[in-house]
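First I want a look at the sequence and the model, then I'll jot down what I look up.

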Amino acid sequence: ATGSTPLGLYAELAKLCAEGKLSFAKCTTFNLDEYIGLDGTHDQSYRYFMNKNLFEKVDIRMEATHVPSGAVKSDEEAEQYDAEIKAAGGIDLQLLGIGNNGHIGFNEPDDHFSKGTHCVDLTESTIQANSRLFDSIDDVPRQAYTMGTQTIMYARMILVVANGEAKAQAVHDMCYGPVTPECPASILQLHTNCVVVADEAALSLCE
């Protein structure tokens, strides 16, 4: 996962690695998503984010890190990403954040749950939320690749992290609302090994 929510976690992982208490030498990673139209050197690309906030600070092999290429929109890119995940044996631990509208990855509210990696049109609320990271809202990409809901659900364990009052409704709907693609995160209720870690503000609507 990218965004502001996992930054503290990544900093702690880097600290533990530097202290010799944790190693990523045998890890393989697959990121959830990437903007279409940004290459990996762009400072708002998720490849750049992961390199600067985790990969370059731990002992992981860079060739073992995978982020969809957003440089060019291509159906083959999405299919290849799923093939690489399958070849690696699937996802052992899937780290997720949750959007204000209940999205996971960039799987936005819809009338159906997605399957494999695919291109999505970002909703206006997601564009608005991400615009704080760009010079102008006009600079925010309108499309992204995202790992599909089915791929996420195939993970052997899922860890969801959330913080802040703005996430409270989404966290409530994820945990207690109906299972519906209108709140993509709600499908996590059906996973057999999903853990939610959130602060009091994000849990304020949960009883």
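**Aromatic rings**

I looked up Y46 to begin with, and at 10% relative accessibility it counts as buried (buried is under 20% relative accessible area, exposed is over 50%, partly exposed is in between, with a 1.4 Å probe and protein chains only). Before going on, a note to myself: this is a predicted model, where local features need pLDDT of at least 70 and side-chain atom pairs count only at pLDDT 80 or more, while totals for chains, interfaces and linings use all residues. Residues are numbered from 1 along each chain as its sequence is written, and side-chain values use heavy atoms, with hydrogens and water left out.

How many aromatic pairs does the structure hold? I find five. For a pair, ring centres of Phe, Tyr or Trp (its six-membered ring) must lie within 6.5 Å; planes under 30 degrees apart are stacked, over 60 edge-to-face, and the rest tilted.

Y35 and F106 make a tilted pair, with 5.8 Å from centre to centre and 40° between the planes. This pair links distant parts of the chain, 71 residues apart: Y35 is in strand β2 (residues 33-35), and F106 is in the loop between β4 and β5 (118-121). For the element names, I note that helices (H or I, at least four residues) and strands (E, at least two) are DSSP runs numbered from the N terminus.

Next I went to the strands. Strands of a sheet pair through backbone hydrogen bonds, either parallel or antiparallel. Here three strands form an open sheet in the order β4-β7-β8, with parallel pairing (two strands pair if DSSP finds at least two bridges between them). Which strands are at the edges? They are β4 and β8, each of which pairs on one side only. Neighbouring strands are turned by 15° against each other on average, direction ignored; the axes are lines fitted to C-alpha atoms, for helices over the stretch in contact, and angles run from 0 to 180 degrees between N-to-C directions.

I looked at each pairing in turn. β4 and β7 pair in the parallel sense over four bridges, and L96 has V160 in β7 as its bridge partner. β7 (residues 157-162) and β8 (residues 194-198) are also parallel, over five bridges. There, V160 stands opposite V196 in β8. From β7 the chain crosses through helix α6 (residues 168-176) to β8, and this β-α-β crossover is right-handed. That means that, with the strands pointing away from the viewer, the path from the first strand over the helix to the second runs clockwise.

**The nonpolar core**

I already had L96 on the page, and it turned up again. The largest nonpolar core has 36 residues, and those with the most contacts inside it are L96 and L188. Such a core is a set of buried Ala, Val, Leu, Ile, Met, Phe, Trp, Tyr and Cys residues joined through side-chain atoms within 4.5 Å. Elements supplying at least two residues each are α1 (7-18), α2, α3, β4, α5, β7 and α6. Which element gives the largest share? It is β7, with four residues.

**Salt bridges**

Last, the charged side chains. I count four salt bridges, each being a side-chain nitrogen of Lys or Arg within 4 Å of a carboxyl oxygen of Asp or Glu.

- K15 and E19 meet at 3.1 Å, N to O. K15 is partly exposed at 42%, and E19 is partly exposed at 39%.
- K15, E19 and K21 are linked in a salt-bridge network.
- K52 bridges to E56, with the closest N and O atoms 3.6 Å apart. K52 is partly exposed at 39%, and E56 is partly exposed at 47%.
- D92 and R156 meet at 3.0 Å, N to O. They link distant parts of the chain, 64 residues apart: D92 is in the loop between α3 (75-87) and β4 (93-96), R156 in the loop between α5 (149-153) and β7. D92 is exposed at 54%, whereas R156 is partly exposed at 46%.
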